[in-house]
Amino acid sequence: MADSVRLEYMIDGDNFTSAGEASVMVKKSLRQMGFDPETIRKVSVAMYEGEINMVIHAQGGKATVDVYDDKIVIVLADRGPGIPDIELAMQAGYSTAPDNIRSLGFGAGMGLPNMKKYTDEMTIESEVGVGTTITMVVNV
Amino acid sequence: MNVYKLSEALSLTPLAMPDVDREVTSCYTGDLLSWVMGRASADCVWVTIMTNINTVAVATLVDASMVIIAENAEIAPEVVERAREKGVNLYTSPLDAYALCAAISRYL
């Protein structure tokens, strides 16, 4: 396997205003590494949606980003409530976010669809009561 | 057209203008942040009434050239400060989103 650079972040589940910090830091790192703007945009938007999901639903979690020459792999892992019906959760417009989250401009049911849209591969492993791990790959 | 020229043409009030030479190539309007992230193009002017701190993060992540807060929607000083830190050009206008977008269409 080719060498990779690993970036790791803990996502703080209690702090909604700092949600997105990890995505912005990843964006900055990828820019310094010289990736093209469209690749950076895909990775940072997909990761931001995941980060917001972890804050809304799972009291935070951990983000790991492995940067290879030809792809970027993002793994978002939480110990939240899990997703009972992944197919339903993937439907655009379906949301279980509470009203206070909607008033912040989230909860439109676009998070997971956006993550899929902006990445080349996405897998969701989830167990109710245990947690969720989402792996996303963006090819460079 | 660049950010500065567009802001002058639309008589916008500047809140943060860290990078006014940036080119604006498209326009998008919306308030649901995930929707905007899924649809807005890089280098756009984004017209919105959503003024919380996440607005700045979304503008950064989609690479918007500038954000215009329509109808002078109230915005907290810390959000303006965050925009400065993150290099997001941020303006307000008394016009509503429709009037702003209609006006912008004459310049793009």
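**View 1. Salt bridges in the predicted model.** Over all chains, the structure holds 9 salt bridges, and it should be kept in mind throughout that this is a predicted model. One of the pairs that meet in a salt bridge is formed by the side chains of B:Asp63 and A:Lys27, with a distance of 3.3 Å from N to O. B:Asp63 belongs to the loop between α3 (53–62) and β4 (66–69) of chain B, whereas A:Lys27 belongs to helix α1 of chain A, and therefore this pair joins two chains.

**View 2. Charged and polar pairs between chain A and chain B.** Across the interface of these two chains, the rule finds 3 salt bridges. In a salt bridge between A:Glu21 and B:Arg82, the side chains come to 3.1 Å, again taken from N to O. Polar contact is counted as well, and between chain A and chain B it amounts to 12 residue pairs, both residues of each pair being at pLDDT 80 or more.

**View 3. The side of chain A that touches chain B.** Among the elements of chain A, α1 (21–32), α2 (37–57) and α5 (111–118) each supply at least two residues of this side.

**View 4. The extent of the contact.** Chain A gives 23 residues to the contact, and chain B likewise gives 23 residues. The size of an interface is often expressed as the accessible area that is lost when the parts come together. For chain A and chain B, the area buried between them is about 1,900 Å², and carbon and sulfur atoms give 54% of this area.

View 5. In chain B, the charged end of B:Arg39 is placed over the ring of B:Trp35, at 4.5 Å from the ring centre. As for aromatic pairs, the count over all chains comes to 1 by the rule applied here.

Conventions: Residues are numbered from 1 along each chain as its sequence is written. Chains are lettered from A and ligands numbered from 1 in the order in which they are written. This is a predicted model: local features need pLDDT of at least 70, side-chain atom pairs count only at pLDDT 80 or more; totals for chains, interfaces and linings use all residues. Side-chain values use heavy atoms; hydrogens and water are left out. Contact means heavy atoms within 4.5 Å. Buried area is the accessible area (1.4 Å probe) that two parts lose on being put together, summed over both. A salt bridge is a side-chain nitrogen of Lys or Arg within 4 Å of a carboxyl oxygen of Asp or Glu. A polar contact is a pair of N or O atoms within 3.5 Å; within protein, one must be able to donate a hydrogen and the other to accept it, and residues adjacent in sequence count only if both atoms are side-chain atoms. Helices (H or I, at least four residues) and strands (E, at least two) are DSSP runs, numbered from the N terminus. Rings of Phe, Tyr and Trp (its six-membered ring) pair if their centres lie within 6.5 Å; planes under 30 degrees apart count as stacked, over 60 as edge-to-face and the rest as tilted. A charge sits over a ring if NZ of Lys or CZ of Arg is within 6 Å of the ring centre and within 35 degrees of the ring normal.
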